[in-house]
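This report goes through one protein model, from its overall dimensions to selected helices, strands and loop residues.

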Amino acid sequence: MTKRIAIVVATLVTLVGLGVTAWFLPRLRRSVIHDITTWDAPPGDPAPLPAATGPGLAAVPKTRVILVDGLSEEHARTLPAWSDVCKRGARLRVDVGFPSVSLPVEVELWSGLTQQQTGIVFRSGRPLNPPLDRRGIPAQVPGSIAIAEDHGYLVRSLGFSVAEPAAGATPAKDADPAAWEQRWQARAREVVASDTRLAFIHILRVDTAGHKQGATSDAYRQAATDADGMIAELVALAPEARWFLLSDHGHRPEGGHGGEEPYIRQVEACVAGPGIAAGTTSGLVHMVDVSRAIADSTGATLDRTSRGRPFSAALAAPLADDQAIPPLPLHQGALAIFALVAGLAASTWGVRRWWLAPLWFPIACASLLAIRGEPTLSMRLVYEGSGRIAAVTWLPALLVLGGSVWFGLGRATLGRVLVAQLALPASALAALLTATGAWPAVLGEDVAPVVPRYTAWLSPLMLMVSHAAGAFALALLARRVLRRSDRSAPPAPPRSEPVAEPSTPDRRPKDPS
Ligand SMILES: [Zn+2]
């Protein structure tokens with residue numbers, strides 16, 4: 001009787017624990033996504049670039065920069081006006097680093113400091129307030145002007161003497177967007193043709209089309225063509241200036257950016273005008289090398305910690321393909337591996353029989369990779385609100401988990417089945433929280449746990465473990481309730497015959513725990 005009570009108590013405690021886990025993890029996920037997209041990361045070291053020396057660009061009276069937000073390398077190459085500028089100067093391949101999000105990349109461009117150095121990694125709808133100070137180029141160039149098509153908070157964050165459109169009710173909002181839409185192109189022409197030393201035009205429509213319809217859509221192509229028309233017009237207004245045509249990231253075929261995919265991170269740039277030999281081409285250079293070129297053009301100086309290299313040096317020593325991806329801080333990596341090994345050890349203790357192995361976990365990860373692809377910060381699934389689609393993705397794995405729990409409980413203790421099935425995924429989640437530096441965020445600190453390759457796994461893995469806890473609880477409940485109803489009506493033994501059968505040996509394997 002006491003053993004029965006102990007089993008009931010253990011079952012109830014486990015059910016409550018699993019229920020709380022299943023309920024809590026999706027909430028934690030929402031809060032971590034908010035931290036990723038809102039706050040800054042602790043400043044750290046940038047990716048090291050190949051060392052090289054050589055002369056930088058000479059200062060010129062007029063520097064003009066056009067940035068087409070979200071224009072992929074593949075599309076840039078097809079644009080006639082863009083390509084004309086490339087042909088009469090230098091065609092560069094530029095790696096913007098990680099994450100490939102507009103505000104962080106533009107702060108990088110105008111400061112020469114990478115996302116890791118500034119800690120500005122996302123800041124969705126959260127401008128720099130106050131804007132970039134004299135650490136940045138614009139604040140060092142009196143009379144510098146920036147004009148943005150839309151979402152003016154991007155250019156208002158950068159420290160230009162004048163940045164339009166002006167802010168509206170909040171720093172993130174534009175004043176009178178409808179009127180600005182009619183006026184902004186005329187204003188851009190005026191500024192480009194003016195005598196100001198530094199003008200920056202930010203074209204947003206390609207990014208907007210990319211988000212709405214994806215990089216393979218007609219809308220995206222059309223927006224790129226429209227942007228190219230504006231480039232033709234603007235470049236003709238200041239033929240004597242040194243021109244920089246830039247992009248801050250590409251887009252996924254279905255729309256989205258932010259991750260470390262090479263085709264999103266690596267974009268095309270053209271630099272033409274005084275001092276740039278026609279027909280120059282480059283291997284991969286870093287966005288901070290472009291910062292250095294703009295700083296030298298305008299007579300500004302980059303922060304001492306900037307890794308931006310002089311123009312000729314950057315051309316002479318291109319980056320390897322993934323060199324712009326910052327390495328994981330060593331202690332975070334080491335602790336993460338420790339957490340994973342602890343989980344493997346616990347799992348091995350729990351398993352003992354092959355059918356108790358947490359087979360569902362590799363199956364769930366494989367389903368995720370096969371159906372949705374490797375998670376990156378460019379993907380909607382990382383941010384989307386509902387766990388339903390995710391649950392469908394790994395439904396077969398959850399069925400395998402339910403089956404393992406059902407059969408496992410007939411042959412081993414609840415504790416052993418619990419550890420066997422959930423220790424490994426739980427420790428994988430702990431390892432991921434460690435590798436991404438997410439523990440302070442979990443404990444409520446306003447900090448963005450953003451590192452390349454790993455951060456994007458946080459969101460699906462939290463859902464996966466939550467769903468696994470739920471599936472485990474259901475299988476446990478079903479097993480206990482159904483076995484109870486079996487016992488509640490035992491077949492009555494026939495009275496007429498005396499019991500003569502030998503007692504059957506217990507077939508169940510002895511459980512040492
Ligand atoms: Zn965007």
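## Overall composition

Of the 513 residues in the protein, 50% are buried; a residue is buried if 20 or more other C-beta atoms lie within 10 Å of its own, exposed if 12 or fewer, and partly exposed in between, with C-beta atoms placed from the backbone. The model is a predicted one, in which local features need pLDDT of at least 70 and side-chain atom pairs count only at pLDDT 80 or more, while totals for chains, interfaces and linings use all residues. Residues are numbered from 1 along each chain as its sequence is written.

The protein has 20 helices and eight strands. Helices (H or I, at least four residues) and strands (E, at least two) are DSSP runs, numbered from the N terminus. Along the principal axes, the C-alpha atoms fill a box of roughly 115 × 50 × 40 Å. Among contacts with a separation of 6 or more, 78% are between residues 24 or more positions apart; two residues are in contact if their C-beta atoms, placed from the backbone, lie within 7 Å.

## Domains

The protein is divided into domain 1 (2-41 + 329-485) and domain 2 (63-316), with bounds that come from an automatic or database domain assignment. Taken over C-alpha atoms, the centres of domain 1 and domain 2 are separated by 41 Å. The contact involves 15 residues from domain 1 and 17 residues from domain 2. On the side of domain 1 that touches domain 2, the largest share comes from helix H1 (residues 2-38), with three residues.

## Helix H13

Helix H13 covers residues 330-351, and its 22 residues should span 32 Å at 1.5 Å a residue; the end C-alpha atoms are 32 Å apart, which agrees. The expected span is 1.5 Å times one less than the number of residues. The buried residues of H13 are Ala-336, Gly-343, Ser-347, Gly-350 and Val-351. Seen down the axis of H13, these buried residues fall within an arc of 90 degrees, so they line one face of the helix; the arc is that of the directions from the helix axis to the C-beta atoms. An α-helix has 3.6 residues a turn, so residues three or four places apart point the same way.

Exposed residues on the other side of H13 are Leu-330, His-331, Ala-334 and Val-341. Helix H18 (414-435) is included in what covers the buried residues of H13. Just after H13, Arg-352 has a positive phi of about 60 degrees.

For helix H7 (residues 177-193), 17 residues at 1.5 Å each should span 24 Å, and the end C-alpha atoms are 24 Å apart, in agreement. Buried in H7 are Trp-180, Trp-184, Ala-188, Val-191 and Val-192. Their cover includes strand S1 (63-68), strand S3 (145-148), strand S5 (198-203) and helix H9 (218-237).

The loop between strand S4 (162-164) and H7 contains Pro-165. Glu-164 and Pro-165 are joined by a cis peptide bond with omega of about 5 degrees. Asp-176 is placed in the loop between S4 and H7. Although not a glycine, Asp-176 has a positive phi of about 50 degrees. Asp-176 counts as exposed because 11 C-beta neighbours lie inside 10 Å.

## Strand S2 and its partners

In strand S2 (residues 90-95), five of the six residues are buried, so the strand is largely enclosed by the rest of the structure. S2 and strand S7 (residues 266-272) run antiparallel and are joined by six bridges; strands pair if DSSP finds at least two bridges between them. Asp-95 stands opposite Gln-266 in S7. With strand S8 (residues 280-286), S2 pairs in the parallel sense over five bridges. Val-94 has Val-285 in S8 as its bridge partner.

The loop between S2 and helix H4 (102-111) holds Pro-99. The peptide bond from Phe-98 to Pro-99 is cis, with omega near -5 degrees.

## Arg-453

Arg-453 is in the loop between helix H19 (439-442) and helix H20 (455-488). Its phi is positive, near 70 degrees, in a residue other than glycine. With 17 other C-beta atoms within 10 Å, Arg-453 is partly exposed.
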